[in-house]
Each structure stands twice: as structure tokens, then as C-alpha cells.
Amino acid sequence: TVSMCLSSGSSEGSGSGSDEQGGGSDSDSEDINVDEQGRPAIGGSIDLSTRVFDGTLPSGADPGPLIADCEAVFTARATGAGEGLSSGATFWVAANAKPKTALERLALQIFAHHAAGAEYDPSRSGAEWWTVVIDDTDDVGLHWDRDYDLQADQGLLLHPHLATVTYLACPAAAAPTLVLERPSPLLATEPLSGPV
């Protein structure tokens, strides 16, 4: 999964989620500008429609090495019934960074593709990424991608400007990603329920 964080340079900080690789920021000092959908405000344009891109890996490419890398960095674990969010590491790569791994290279390629029409500060923008490696019996609960540290610290539900899901392999019994036309509230105190 890759989440894009874009900054026009007018806000302090750009990261979201964990600061596993040094790209996050101290959420106590952030000045956050959001658009009407609660996304970080940027210049330019990004196509925010829901789309599917088949065959994103080159034809005949072996996904095996990328799958092995996903397994190596995967840390999220299921929670018990009634427990909160699962824990796990996320990783950050700045838009102007030289990728150090194949997964960082893939995240930056996805970022560059989707941010081509955006105006942003590449030193403060980039991709937060993580891997999910599941078995047929595992479950990924319904959720919105968001900055969970900012939610805990300030009660704000800040989401990446754009999020993607990339399947390298998919068990036959796995359910697809579900996308709903239901924006999240901006404040954690607002109800999550309502019409879709």
C-alpha cells in the first residue's frame, strides 16, 4: 500500500503514520492546510477518481523478489476481538530521495505517476508505504488510511492526498479492496456512521 503525502511548502511537516525511516515530523508543531475533503491542500491537479491499473509490473516480470521484500518488512499483526488498531511499521520515502530498495523504487514510481500534475515541495512530500502479507484465513478490517499519530495527539483524521493498493499476489479466497464514496469526518469526535 502506498499513501501519497504532498506539501506545497506552506505547512510544517509532511509525514503521516510511523516515522520508521525518518520522514515523519513532530505533529505538535504542524500547521496543516486541508481541502474541503480533509486532504492536505496542494496546487496543481491530481486525478482522484477510483481506477484500476492492470499489469503495472513489466510483462513477464517475476514478482518473487518484491514479494520476498514485502514478507521481510511486514510487521503488522492482528488484534484480538474488541482491541483497537493492529500495530506495525510504515516507511517513508521523500519524493526527492534516491530509492534504497526495490519497494522504495516502486513506491516512488507510483508517487511520480499520480503526482505528475501536482505542484508540491519534493523535499517535504513523498510516499508512506507498508506491506500486508496475509494468508487465506487473515482479515484486514474496514478502515480509512490516515495519520494515526495525529489522530491520537490532536484528534484530527488527516488522510493522505491519494492512496493506492498494489497486489503482487492474491490468494483465490481473498476479498478485493472495497472503496466507498464516503469521506471520513475531519475530527475524531464526529460519528463515522452515516449514508454511503
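These legends describe a set of close-up views of one predicted model. Residue numbers run from 1 along each chain as its sequence is written, and side-chain values use heavy atoms, with hydrogens and water left out. Because the model is predicted, local features need pLDDT of at least 70 and side-chain atom pairs count only at pLDDT 80 or more, while totals for chains, interfaces and linings use all residues.

**View 1. The protein chain has 3 helices and 6 strands.** Along the sequence, the pattern reads β-β-α-β-α-β-β-α-β. Elements are DSSP runs numbered from the N terminus: helices are H or I with at least four residues, strands are E with at least two. Buried residues account for 31% of the 196 residues; buried means under 20% relative accessible area, exposed over 50%, and partly exposed in between (1.4 Å probe, protein chains only). Accessible areas come from the Shrake-Rupley method with a 1.4 Å probe; for residues, only the protein chains shown count as cover. Of contacts between residues at least 6 apart in sequence, 70% join residues at least 24 apart. A contact means heavy atoms within 4.5 Å.

**View 2. The largest nonpolar core holds 15 residues.** Such a core is a set of buried Ala, Val, Leu, Ile, Met, Phe, Trp, Tyr and Cys residues joined through side-chain atoms within 4.5 Å. Leu66, Val93, Leu103, Ala107, Ala127 and Trp129 touch the most other members. Helix H1 (64-73), S3, helix H2 (102-114) and S5 each give two or more residues. H2 provides the largest share, 6 residues. In soluble globular proteins, nonpolar side chains tend to be buried together.

**View 3. Phenylalanine 91 and tryptophan 129 form a stacked aromatic pair.** The whole structure contains 2 aromatic pairs. Rings of Phe, Tyr and Trp (its six-membered ring) pair if their centres lie within 6.5 Å; planes under 30 degrees apart are stacked, over 60 edge-to-face, the rest tilted. Here the centres are 4.6 Å apart, with 25° between the planes. Phenylalanine 91 sits in strand S3 (residues 91-94) and tryptophan 129 in strand S5 (residues 126-129), so the pair ties together parts 38 residues apart in sequence. Phenylalanine 91 is buried at 9% relative accessibility. Tryptophan 129 is buried at 4%.

View 4. Phenylalanine 111 is buried, with a relative accessible area of 2%. Tyrosine 120 is partly exposed at 26%.

**View 5. Arginine 51 and aspartate 47 form a salt bridge.** The N to O distance is 3.5 Å. A salt bridge is a side-chain nitrogen of Lys or Arg within 4 Å of a carboxyl oxygen of Asp or Glu. Both partners are partly exposed: arginine 51 at 34%, aspartate 47 at 40%. The whole structure has 2 salt bridges. Arginine 124 and aspartate 121 also form one, at 3.8 Å, N to O.

**View 6. Val34, Leu186 and Leu187 make a nonpolar surface patch.** Together they have about 200 Å² of accessible area. Patch residues have over 30% relative accessible area and no salt bridge; like charges are joined within 9 Å, nonpolar side chains (Val, Leu, Ile, Met, Phe, Trp, Tyr) within 5 Å. Valine 34 lies in the loop between strand S1 (2-5) and strand S2 (43-44). Its relative accessibility is 33%, partly exposed.
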